[in-house]
Protein chains: 2
Amino acid sequence: MTEATPGRRAGRQLPTGDELRIWRDFIETTAALSSRLESRLQRDSSLSTGDYAVLLALSEAQDQAMRSSELAAHIGWERSRLSHHLGRMERRGLIRRQECATVPRGAEVLLTAAGTEAFTGATVPHLRAIRELFVDALTPEQVVAAGEIATALRTHLDAAGG
Amino acid sequence: MTEATPGRRAGRQLPTGDELRIWRDFIETTAALSSRLESRLQRDSSLSTGDYAVLLALSEAQDQAMRSSELAAHIGWERSRLSHHLGRMERRGLIRRQECATVPRGAEVLLTAAGTEAFTGATVPHLRAIRELFVDALTPEQVVAAGEIATALRTHLDAAGG
DNA sequence: TCCTAGCAGTTGACGTGTCAATGATGCTAA
DNA sequence: TTAGCATCATTGACACGTCAACTGCTAGGA
């Protein structure tokens, strides 16, 4: 199924029908994949992927602790988003916040025992789910191609929008 | 960068380091891409991609109207999600709801003039953004590969958890 | 007749994300 | 010294999504 007037391709501004179909498949499927991973993590560990990202970063930090903005930078979140999320995680006992001894007006985020335990229990099922839902769905060549596509998209995105 | 013990590959349950890196690149980049598209649509048309999906479906329906559950099935949303979203769109004057004449206890969703206008104005910039951010970022071969990857992931997803 | 099934749609609670505004604090330059 | 100014973090308002409960209605069987 190719376009009727191939000569137009060079100058056109809008995607062709084929490109649009691929776009929709691609973006909807990756969203469905994320969402499935999210459900699995929730089911297996009562954690969201956001929780997991925070716990992963903290568990790799020395003293299981990080400054709030360091943490935000590390996982690529806005500070406001992190602050809301930490509030919810604190209510569930996964982390604690206290004033930072070294930096004035800096908040330190600490992993609690419950947080460590939740993270430990979540890791293997989560990695297994990534393997089952992503790696196992693709041929090794497709996995490589997916990596190259991601790199190309990311590069273009970074170049385009600032 | 390949794994140190390739012999393990066959029986392993967890992704290798390379696979995990690709997974993260892939899922984070596609999320960033969605989010960039969303911003562009918002900036150009004051619509979200959810609004756009609803308006697209309605504008293609005869009489610019659809039953609520038809609409939900057509765009693949849960009824509850659609109901919340229609409430917000109705407040903004993009659609109207009225009781369905033919089906008892059925609500009909109607496109308003403002909704039509918003959709009309949104289409070209939105398609242009898809071209710029997705199609132009990839080689034609990569576009095809992306389609194949999406198909493989979707097939696996449907087989696995459905 | 009545009661139970089930469907269509809505609602409320809550998690999640963005944006803009707000404290609180330190730094710097008039 | 002090009036800005940037930085760290939080907060409030709101959009969006899911889940479970609920309303109203219809239909089918005891």
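Modeller: Within chain A, taking contacts between residues at least 6 apart in sequence, 47% join residues at least 24 apart. The model is predicted, and what follows should be read with that in mind. Chain A contains six helices and three strands, arranged along the sequence as α-α-β-α-α-β-β-α-α. Of its 162 residues, 27% are buried.

Now the contact itself. Chain B is superposed on chain A by a rotation of 180 degrees, with 0.0 Å of shift along the axis and an RMSD of 0.0 Å. The two copies are therefore related as by a two-fold rotation axis. Both copies use the same surface, since 100% of the contact residues of chain B recur in chain A. Each side is given by count: 44 residues come from chain B and 44 residues from chain A. On the side of chain B that touches chain A, the elements giving two or more residues are helix 1 (17-45), helix 5 (113-133) and helix 6 (140-161) of chain B. Helix 6 of chain B has the largest share, 16 residues. By class, this side of chain B has 26 nonpolar, nine polar and nine charged residues.

The nonpolar packing can be followed from one residue. The largest nonpolar core has 70 residues, and A146(A) and A146(B) have the most contacts inside it. Apart from neighbours within four places in sequence, A146(A) touches L138(A) in its own chain and I22(B), F26(B) and I149(B) in chain B.

The strands of chain B form another part of the picture. Strand 1 (residues 65-67) and strand 3 (residues 107-111) of chain B run antiparallel and are joined by three bridges. In that pairing, R67(B) has E108(B) as its bridge partner in strand 3. Strand 2 (residues 95-99) of chain B also runs antiparallel to strand 3, with five bridges between them. There, I95(B) stands opposite L111(B) of strand 3.

Two loop residues of chain B have backbone angles to check. S46(B) lies in the loop between helix 1 and helix 2 (49-60), and its phi is near 55 degrees, a positive value in a residue other than glycine. S46(B) has 13 other C-beta atoms within 10 Å and so counts as partly exposed. D63(B), in the loop between helix 2 and strand 1 of chain B, has phi near 65 degrees, again positive in a residue other than glycine. D63(B) has 9 C-beta neighbours inside 10 Å, so this residue counts as exposed.

Last, the DNA. DNA strand D is surrounded by 23 residues, the closest being S69(A), S80(A), S83(A), G106(A) and S48(B). Two or more residues of this surface come from each of helix 3 (68-75) and helix 4 (79-91) of chain A, and from helix 4 (79-91) of chain B. Helix 4 of chain A gives the most, six residues. The surface near DNA strand D consists of three nonpolar, 12 polar and eight charged residues, whereas the side of chain B that touches chain A has 26 nonpolar residues.

Technical notes: Residues numbered from 1 in each chain as written. Chains lettered and ligands numbered in written order. Predicted model: local features only at pLDDT ≥ 70, side-chain atom pairs only at ≥ 80, totals over all residues. Near = placed C-beta within 6 Å. Helix = DSSP H or I, 4+ residues; strand = E, 2+ residues; numbered from the N terminus. Nonpolar A, V, L, I, M, F, W, Y, C, P; charged D, E, K, R; others polar. Buried ≥ 20, exposed ≤ 12 C-beta atoms within 10 Å, placed from the backbone. Contact = placed C-beta atoms within 7 Å. Core = buried A, V, L, I, M, F, W, Y, C linked by C-beta atoms within 7 Å. Least-squares fit on C-alpha atoms with pLDDT ≥ 70 in both. Pairing = 2+ DSSP bridges.
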